[in-house]
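Please read this briefing alongside the sequence and the model, taking one topic at a time.

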Amino acid sequence: MEDNKKLAEFLFPHIDKTPEYYEEIFPQRDLKEGAKVCRFSPSPTGFLHFGNLFTCFVSYAMAKSSGGVFYVRVEDTDQKRSVEGAIEVMLKGLSVYGIVPDEGVIGDREEKGIYAPYYQSERKEIYQTFAKSLVEQGLAYPCFMTPEELEEIRESQEGESIKGIWGKYAKCRDLSFEEVKTRIENGEIWTLRLKSPGTLEGKCFFDDMIKGKIEMPENVQDIVILKSDGIPTYHFAHAIDDHLMRTTHVVRGDEWISSAPIHLQLFKILGFKVPKYCHVAPIMKEEDGGKRKLSKRKDPEAAVTYYIEQGYPSDSVNEYMMTLANSNFEDWRRMNQTEPLSKFPFNIKKMSVSGALFDIVKLTDVSKNVISKMSAQKVFELSYEWAKEFDKELASLYEKDFERITAILNIDRENKKPRKDIAKWSDIKEYISYMFDETFIPNFELSGNADSALAVDVLKKYREVVNLSDDKDTWFSRMKDLCAEVGCTPNVKEYKANPDSFRGHVGDVSTIIRVALTGRVNTPDLFAITALLGEETVKNRLEAALKHYEEEN
């Protein structure tokens with residue numbers, strides 16, 4: 001025991017604090033019963049994967065639905081992988097989806113909260129304090145094994161089920177204080193390893209909030225807890241940080257389950273309460289009749305920037321993620337169509353054990369529904385902000401007349417059954433292109449009973465009676481009156497009963513006018529479109545269509 005204390009002092013002469021000191025300056029949180037403390041712990045690599053966003057979304061939902069705390073901690077101990085400005089990019093990416101930390105890293109080198117610093121690279125002294133304590137207790141030791149020795153051991157273990165430094169391979173485990181002192185004074189490089197108390201027969205257990213009860217062999221490896229530069233490994237750092245930041249629930253990808261025995265052992269050896277684990281299965285994608293993980297390399301939708309660039313509203317992506325996260329969300333949404341997402345009683349135990357299946361078609365449907373419920377003013381504001389960055393041509397169309405563009409976006413909106421034509425802001429330019437002469441593409445293909453002969457007769461009559469001052473009832477009366485003049489019926493049922501008695505019905509007449517004015521057979525309300533096109537444009541398009549059908553006859 002005396003040698004352990006001497007060794008700890010020799011290895012860490014600069015550390016003058018104790019674990020008890022940090023327990024005191026990072027106190028327990030004063031939260032209501034049941035409140036959860038969750039975190040997002042990115043590495044500063046600059047890429048925000050949809051899977052990361054989803055896991056973070058779940059973590060955030062857990063914290064907020066319980067009246068708890070969500071914080072961001074940056075795991076930047078591996079400086080070689082750090083990308084300048086990466087954290088700012090990630091935080092901006094999260095904020096787009098309403099995920100704003102209550103504390104932790106809130107900007108590039110900007111922090112909020114009493115558990116700071118939240119950058120692991122600035123917590124080196126804290127980790128070394130706990131490392132020193134483990135050495136004092138005889139639970140950690142310096143290891144002098146060279147890269148060549150480690151490689152030799154790796155090769156010798158190829159046929160073994162348990163790999164790593166343990167048992168007979170832990171050559172430095174029982175070195176005396178004098179041997180350690182001499183080797184360090186001779187300039188030998190060392191790392192600090194945990195002296196694992198695990199046995200080959202031992203088991204560890206934990207109750208995962210998504211996967212259920214999990215039993216695994218306990219850890220027997222003497223893992224590295226401090227690297228040769230004194231920087232901690234992820235395993236060691238995260239255990240100390242989760243404890244001192246008083247994290248109650250850890251939401252992470254299920255690739256971390258294999259590391260659970262190490263983490264459980266570390267918490268126990270350090271004397272910490274183990275947080276609740278929630279291991280999220282990866283987002284999957286169907287391919288060639290099978291399933292695979294959503295891939296950063298293969299799938300553009302794996303990058304969160306994809307949704308921003310395409311113009312999916314954050315509300316749409318959040319709604320879609322909740323359909324992936326909780327199996328009962330869609331039923332709740334049907335019963336609570338106007339409630340904000342934050343009102344949904346999120347439950348981690350209703351998450352899929354095997355992993356959600358990413359479906360861009362489903363996202364599109366969800367987004368159409370979300371956008372259909374937005375006011376025209378909100379659609380205008382959000383899509384204009386998007387267009388200024390990603391579609392300059394659309395932005396310039398908006399800037400011609402903000403009031404008119406809002407009225408265009410309001411056609412068949414803000415009623416009991418709004419249209420669902422727009423799934424993302426990048427759809428809008430094509431959707432409204434016929435409303436502007438510079439983007440209108442004439443197309444004279446007809447459908448139903450409408451043909452070029454009927455089109456000539458309809459357009460000749462309609463150009464004489466069209467009046468943009470009409471209200472909707474007057475406009476429709478003119479359409480019905482026009483039917484009789486060209487041998488059609490204003491009554492669709494009448495046409496179906498006696499199709500040989502008429503050239504068509506009111507739907508065919510309106511199709512001809514619709515195609516002439518918009519180049520499409522399916523559009524929102526034709527009356528509203530006509531009014532917003534303006535007298536000159538309506539006249540010019542009717543004349544051009546009439547000329548085309550006359551030439552065709």
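Glu414 has its place in the loop between α16 and α17, where helices (H or I, at least four residues) and strands (E, at least two) are DSSP runs numbered from the N terminus. This is a predicted model, in which local features need pLDDT of at least 70 and side-chain atom pairs count only at pLDDT 80 or more, while totals for chains, interfaces and linings use all residues. Residues are numbered from 1 along each chain as its sequence is written, and side-chain values use heavy atoms, with hydrogens and water left out.

**Backbone details in loops**

- Glu414 has a positive phi of about 55° although it is not a glycine, and this residue is exposed, with a relative accessible area of 51%; here buried means under 20% relative accessible area, exposed over 50%, and partly exposed in between (1.4 Å probe, protein chains only).
- Asp412 is also found in the loop between α16 (402–409) and α17, and Asp412 has a positive phi of about 55° without being a glycine, but it is partly exposed, at a relative accessible area of 27%.
- The peptide bond from Ala116 to Pro117 is cis, with omega near 0°, and Pro117 lies in the loop between β4 (110–112) and α5 (124–136).

**Strands and their pairing**

- Strand β1 (residues 37–40) runs parallel to β2, and four bridges join them, with Phe70 in β2 as the bridge partner of Cys38; two strands pair if DSSP finds at least two bridges between them.
- β2 also pairs in the parallel sense with strand β3 (residues 103–107), over two bridges, and Glu103 in β3 is the bridge partner of Tyr71.
- From strand β2 (residues 69–72), Val69 and Tyr71 point one way and Phe70 and Val72 the other way, and all are buried.
- An open sheet is formed by three strands in the order β5-β6-β9, with antiparallel pairing, and its edge strands, each pairing on one side only, are β5 (140–143) and β9 (224–226).
- Four bridges join β5 to the antiparallel strand β6 (residues 191–194), and in β6 the bridge partner of Ala140 is Leu194.

**Aromatic rings**

- The whole structure holds 30 aromatic pairs, counting rings of Phe, Tyr and Trp (its six-membered ring) whose centres lie within 6.5 Å, with planes under 30 degrees apart taken as stacked, over 60 as edge-to-face and the rest as tilted.
- The rings of Tyr22 and Phe26 have centres 6.3 Å apart and planes at 15°, so this pair is stacked; Tyr22 is buried at 4% relative accessible area, and Phe26 is buried at 4%.
- Phe444 and Tyr549 make an edge-to-face pair, 5.8 Å centre to centre with 80° between the planes.
- Phe444 lies in the loop between α17 (428–431) and α18 (452–465) and Tyr549 in helix α23 (residues 535–552), so the pair ties together parts that are 105 residues apart in sequence.
- Arg541 lies over the face of Phe440, at 3.7 Å from the ring centre, and Arg404 lies over that of Phe436, at 5.1 Å; a charge sits over a ring if NZ of Lys or CZ of Arg is within 6 Å of the ring centre and within 35 degrees of the ring normal.

**Nonpolar core**

- Among the 167 residues in the largest nonpolar core, Phe50, Leu192, Phe236, Phe346 and Ile432 touch the most other members; such a core is a set of buried Ala, Val, Leu, Ile, Met, Phe, Trp, Tyr and Cys residues joined through side-chain atoms within 4.5 Å.
- Helix α3 (residues 50–65) gives the largest share of this core, 10 residues.
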